[in-house]
Amino acid sequence: MRKIKFSIVIPAYNEEVGIARSVKSLLRLNYPREQYEIIVVDNNSTDNTSLAAEKAGADKVVLEKEKGTNFARERGRKEAVGDIVAFLDADSEAYSDWLHKIEAGLNISGVAAISGPYDHGFTGIRKKLDDLYQIFILPRVPKILNFIFRRKAGVLIGGNFAGRAETFEKIGGLPPLRFWGDDVAIAMLISRRVGRVFFDPYFRVKSSARRFEREGFFRLFFRYVLTYLKIYFSKDYR
């Protein structure tokens, strides 16, 4: 078996229309193709997600019947053979230097995982608010919480993060949460059991704004904040 440096996992549920864009963005990375694999995890879709992923060029397409983003990510992690496992959402696209930025971030002393924000393509006031939240507020949250409550914290975006394979082994795999709080729980476990989660505001991926359009900008923002605090204070992720 050839040596693989990166395994990229994409959880997907009913993403027949968009999965090709995600996979093809990974085929355009400026990194040696033989050094990374693309794994799409079909989370029990009712459409042709698996077929679309295969046609787009995914190296592996596997099925996970248990619904939920972390269930799908965990299945992909178990399929991965790379030294580093990276995660991208099915409605997202990686920029060409994505793997190089992951490599650089994980080479920083004490860093166990790297994550960064989404580029939703907002304009006007929504872009300003989104940048304020993702570039200026999120990177400072762990230090502020640790200073006040003396409990470590991490910030991690579920559709844009990576860590060494051994890091995920040390936390016992990805916690079995379906969606809300799935990425927060990963960040807390890594920061408390392994090492720092480096949130780089300039380590971005393009992503759709469909969740904001479906739930509303401010409603979704506050739901994320409340979920983050709930997981932060939970005794389940010490």
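# Helix packing and pockets in a predicted model

The structure is a predicted model.

**H6 and H10**

- H6 and H10 make a right-handed crossing.
- On the H6 side, the residues in contact are Val141, Leu145, Asn146 and Phe149, and they meet Tyr228, Tyr232 and Phe233 of H10.
- By class, this contact of H6 with H10 holds 6 nonpolar residues, 1 polar residue and no charged ones.

**H8 and H10**

- The axes of H8 and H10 cross at roughly 40 degrees and come within 9 Å.
- The crossing of H8 past H10 is right-handed.
- H8 contributes Val184, Ala185, Met188 and Arg192, which meet Tyr228, Ile231 and Tyr232 of H10.
- The residues of the contact of H8 with H10 comprise 6 nonpolar, no polar and 1 charged.
- Tyr228 and Tyr232 of H10 meet residues of H6, and Tyr228 and Tyr232 also meet residues of H8.

**H1 and H2**

- Helix H1 covers residues 19-27 and helix H2 covers residues 49-56; they pack at an angle of about 25 degrees, with axes 9 Å apart.
- H1 and H2 are therefore roughly parallel to each other, since angles under 35 degrees count as such.
- H1 crosses H2 in a right-handed sense.
- From H1, the contact takes in Ile19, Ala20, Val23, Lys24 and Leu27; from H2, it takes in Thr49, Ala52, Ala53 and Ala56.
- The contact of H1 with H2 is made up of 7 nonpolar residues, 1 polar and 1 charged.

**Largest pocket**

- The largest pocket holds about 770 Å³ of space.
- Its lining has 41 residues, and those closest to the centre are Tyr133, Leu138, Ile157, Tyr224 and Val225.
- Helices H3 (69-79), H5 (124-137), H6, H8 (182-193), H9 (210-215) and H10 each give two or more residues to this lining.
- H10 gives the most to the lining of the largest pocket, with 9 residues.
- The lining of the largest pocket divides into 24 nonpolar, 9 polar and 8 charged residues.

**Second largest pocket**

- The second largest pocket has a volume of about 490 Å³.
- Of the 20 residues that line the second largest pocket, Tyr13, Thr69, Phe179, Arg210 and Arg211 lie nearest its centre.
- Strand E1 (6-12), H3 and H9 are the elements that give two or more residues to the lining of the second largest pocket.
- H9 gives the most to the lining of the second largest pocket, with 4 residues.
- In the lining of the second largest pocket there are 7 nonpolar, 4 polar and 9 charged residues.

Notes:
Residues numbered from 1 in each chain as written. Predicted model: local features only at pLDDT ≥ 70, side-chain atom pairs only at ≥ 80, totals over all residues. Heavy atoms only, no water. Left-handed = near helix turned anticlockwise from the far one by under 90°. Contact = heavy atoms within 4.5 Å. Nonpolar A, V, L, I, M, F, W, Y, C, P; charged D, E, K, R; others polar. 1 Å grid on protein atoms, 1.4 Å probe; cavity = no way out; pocket = protein on both sides within 12 Å on 5 of 7 lines; lining within 4 Å. Points joined across faces, edges and corners; volume = space filled by probe spheres on them. Axes fitted to C-alpha atoms, helices over the stretch in contact; angles between N-to-C directions. Parallel < 35°, antiparallel > 145°, perpendicular 65-115°, else oblique.
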